[in-house]
Amino acid sequence: MINVAVLGYGTVGSGVVEVLEENNAQVSSRAGERICVKYILDLRDFPGDPYEAKIVHDFNVILQDEEIDIICEVMGGTGAAYQFTKQSLESGRSVCTSNKELVAKHGAELLELAARHSCNYMFEASVGGGIPVIRPMNNALTAEKILAVTGILNGTTNYILTKMDREGAEYDDALKHAQELGYAERNPEADVEGYDACRKLAILSSLMTGKNVDSEKIYTEGISGITSADFSFARAAGMSIKLLALGQSREDGSVTAIVAPFLVPEEHPLAMVKDVFNGILITGNMLGDAMFYGRGAGKLPTASAVAADVVDCARHKGKTVSCVWSREEAGLADISETERAFFVRVKECARREAEAVFQGGRSFSAAGCGSEFGILTPVMKESQFREKYDFLGDSVLGRIRLLG
């Protein structure tokens, strides 16, 4: 028998217990031994809950029980979750987690610790919820030199942008609707300012390079500045607006990493990812593009990914599954030196000046935006674009990068 402890009985934690209990016959069969949830750690009591008898309030109860083999950390944060994870790995227990903040910040260290103690640290659920992407990168794509990862990694922002696109809604109204449906938190900053996607990109980029990509050094922009007028121009140009996370390997061994809104051509696979869904493109030097698509969040999709890691840990009890992610820091390229085209929205009264500044660009108009016009600029360095953008001053109403 494989005994499991679940740390945290919130949305994901209750989902993990539900998956492991309701699908127990299938999970146990695939693990090769019966899987049993023995403990659930939480500060709260849950009177009347079907698993009330499994609730404990002291982590030491779990740590000191030699029958516990696998621990599911779904508490979130980098405080107690970090300490409990370290203690678990040091005791030889494998840990499965959905905690993208902890993985992004301490992933390399915790993987090293797991290898030292012949156990595993698995985090499939930390990126893309129920979408299997970590395991394919570690296993199915090991013959590939991964050149880039490009993804819609946050369902909340994708839902908001989809609503703005379909209904012509303004950002504040779309956000409020997302909150009413439970897709956005009361404080949505981590999602709408791009921090959640940034952490996930750091994880994917670290696996891409085998070196540690620091999420705090990744250039990050959110979607709060996007307007309905931007979508009018995007439609006129045959494009959509998506919050994208891009990680690219460079020939000098460094990484280009950015999270920001992008204009995406309508025929691009990621333009077709709508509502709360996520989509991730992984580009290999031999395979080309492979796309992973599905629900990137939610109780049961995320819990399913955690449960899959439990099965993998059970199958590899006493030995460590290879995951190449060292503590060596990956160099991050200076975003100002990267090259791309831009969309610029400008006041109609400044057309002549703007067209002269962005010489060689394509000007166009959009329905309902008669006092404005748009320019799709030639490809240029970000630093060059910034100089031109700043030169135009208050004449410029907005700008969005183009996915090239």
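**Packing of helices, sheet and rings**

1. Helix H5 passes helix H10 in a left-handed crossing (the near helix is turned anticlockwise from the far one by less than a right angle; clockwise would be right-handed). Helices (H or I, at least four residues) and strands (E, at least two) are DSSP runs numbered from the N terminus. This is a predicted model, in which local features need pLDDT of at least 70 and side-chain atom pairs pLDDT 80 or more, while totals for chains, interfaces and linings use all residues. Residues are numbered from 1 along each chain as its sequence is written, and side-chain values use heavy atoms, without hydrogens and water.

2. The axes of H5 (residues 100-116) and H10 (residues 195-209) come within 9 Å and cross at roughly 45°. That angle makes H5 oblique to H10 (under 35 degrees is roughly parallel, over 145 roughly antiparallel, 65 to 115 roughly perpendicular, the rest oblique). Axes are lines fitted to C-alpha atoms, for helices over the stretch in contact, and angles run from 0 to 180 degrees between N-to-C directions.

3. Which residues of H5 and H10 meet? On the H5 side they are Lys100, Glu101, Val103 and Ala104, and on the H10 side Asp196, Arg199, Lys200, Ala202 and Ile203. Contact means heavy atoms within 4.5 Å. The residues of this contact divide into 4 nonpolar, no polar and 5 charged (Ala, Val, Leu, Ile, Met, Phe, Trp, Tyr, Cys and Pro are nonpolar, Asp, Glu, Lys and Arg charged, the others, Gly among them, polar).

4. H5 also packs with helix H4 (residues 80-90), at an angle of about 15° and with the axes 10 Å apart. H4 is therefore roughly parallel to H5, and H4 passes H5 in a right-handed crossing. H4 contributes Ala81, Tyr82, Thr85, Lys86, Leu89 and Glu90 to the contact, and H5 contributes Leu102, His106, Glu109, Leu110, Leu113 and Ala114. The contact of H4 with H5 has 7 nonpolar, 2 polar and 3 charged residues.

5. Helix H7 (residues 155-167) and helix H8 (residues 171-180) have axes that come within 9 Å and cross at roughly 125°. That makes H7 oblique to H8, and the crossing of H7 past H8 is right-handed. Tyr159, Ile160, Lys163 and Met164 of H7 make the contact with Tyr171, Ala174, Leu175, His177 and Ala178 of H8. The residues of the contact of H7 with H8 divide into 7 nonpolar, 1 polar and 1 charged.

6. An open sheet has 6 strands in the order S3-S2-S1-S4-S5-S6, with parallel pairing (two strands pair if DSSP finds at least two bridges between them). S3 (55-56) and S6 (121-122) stand at the edges with a single partner strand each, so one side of each has no neighbour in the sheet. Strands S1 (residues 2-7) and S4 (residues 68-73) run parallel and are joined by 5 bridges. Leucine 7 stands opposite glutamate 73 in S4.

7. Two helices that pack on the sheet follow. Helix H1 (residues 11-22) touches S1, S2 (35-41) and S4, and its direction makes about 160° with that of S2. Helix H12 (residues 299-315) touches S1, S2, S4, S5 (94-97) and S6, and its direction makes about 160° with that of S5.

8. The count comes to 12 aromatic pairs (rings of Phe, Tyr and Trp, its six-membered ring, with centres within 6.5 Å; planes under 30 degrees apart are stacked, over 60 edge-to-face, the rest tilted). The rings of phenylalanine 233 and phenylalanine 364 have centres 5.7 Å apart and planes at 80°, so this pair is edge-to-face. The pair links distant parts of the chain, 131 residues apart: phenylalanine 233 is in helix H11 (residues 228-236) and phenylalanine 364 in strand S15 (residues 362-364).
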